[in-house]
Amino acid sequence: MNVYDAIRTMLAVREYEDKPIPDAVVTQILEAGRYTGSSRNTQQWDFVVVRQRETLAELGRLATTGRFIGDAALAVAVVVPDAPVGFMDGARATQDMMLAAWGAGVGSNWVGNTNTMPIRTLLRIPEDRMLLNITAFGYPARSIGAGKKQRRDLAQVAHAEMFGTPFAG
């Protein structure tokens, strides 16, 4: 799958098959995050890779907006400096990992609001760092209709030269 098709078809997956992700695919997902561009090439992210069933279940219990983490084959916690550049770079790395996963047939879903003390303690996040998100990964449990997104038309979101001037292509 090419990059454009991955972007165009990737959807959030919250239900996963009970099937492990091969090590080579996990490595490819992590490498996609590592290869992501960063501000001034500082690469200030770290990735905590969680595959143990007990830890995934506990993360699912603790992440109130991401209960599905408990059913995932893999979760990756993105740890960054507590600063705007860290947020942006970590978000970029997360999106690249999700796209690489989708290209390999693995679904994912990003969970925010995870920088809580119970989750930080469970994953041993250093005090001087922030847990930006946890992304669950796994093979989709059901067909999710790849590419059937509801998005505003390009003419509604793209402007030419200045805001309010329609982009004609």
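**View 1. Helices α2 and α4 cross each other, their axes coming within 7 Å at roughly 145°.** Axes here are lines fitted to C-alpha atoms over the stretch in contact, with angles from 0 to 180 degrees between N-to-C directions. This is a predicted model, where local features need pLDDT of at least 70 and side-chain atom pairs pLDDT 80 or more, while totals for chains, interfaces and linings use all residues. Residues are numbered from 1 along each chain, and side-chain values use heavy atoms, without hydrogens and water. Look for Gln28, Ile29, Leu30, Ala32 and Gly33 of α2, which meet Ala93, Asp96, Met97, Ala100 and Ala101 of α4; contact means heavy atoms within 4.5 Å. By class, seven of these residues are nonpolar, two polar and one charged, with Gly counted as polar and Asp as charged.

**View 2. The largest nonpolar core holds 43 residues.** Such a core joins buried Ala, Val, Leu, Ile, Met, Phe, Trp, Tyr and Cys residues through side-chain atoms within 4.5 Å, and buried means under 20% relative accessible area (1.4 Å probe, protein chains only). Ile21, Leu59, Ile69, Ile119, Leu123, Ile134 and Phe137 touch the most other members. Strand β2 gives the most to this core, seven residues. Leaving out residues up to four places away in sequence, Ile21 touches Leu74, Val106 and Phe137, among others.

**View 3. Thr135 sits in strand β4, residues 129-138.** Is Thr135 buried or exposed? Thr135 counts as buried because its relative accessibility is 1%. The Thr135 side chain makes a polar contact with that of Asn133, at 3.2 Å (N or O atoms within 3.5 Å, one able to donate a hydrogen and the other to accept it).

How values were computed:
Helices (H or I, at least four residues) and strands (E, at least two) are DSSP runs, numbered from the N terminus. Buried means under 20% relative accessible area, exposed over 50%, partly exposed in between (1.4 Å probe, protein chains only).
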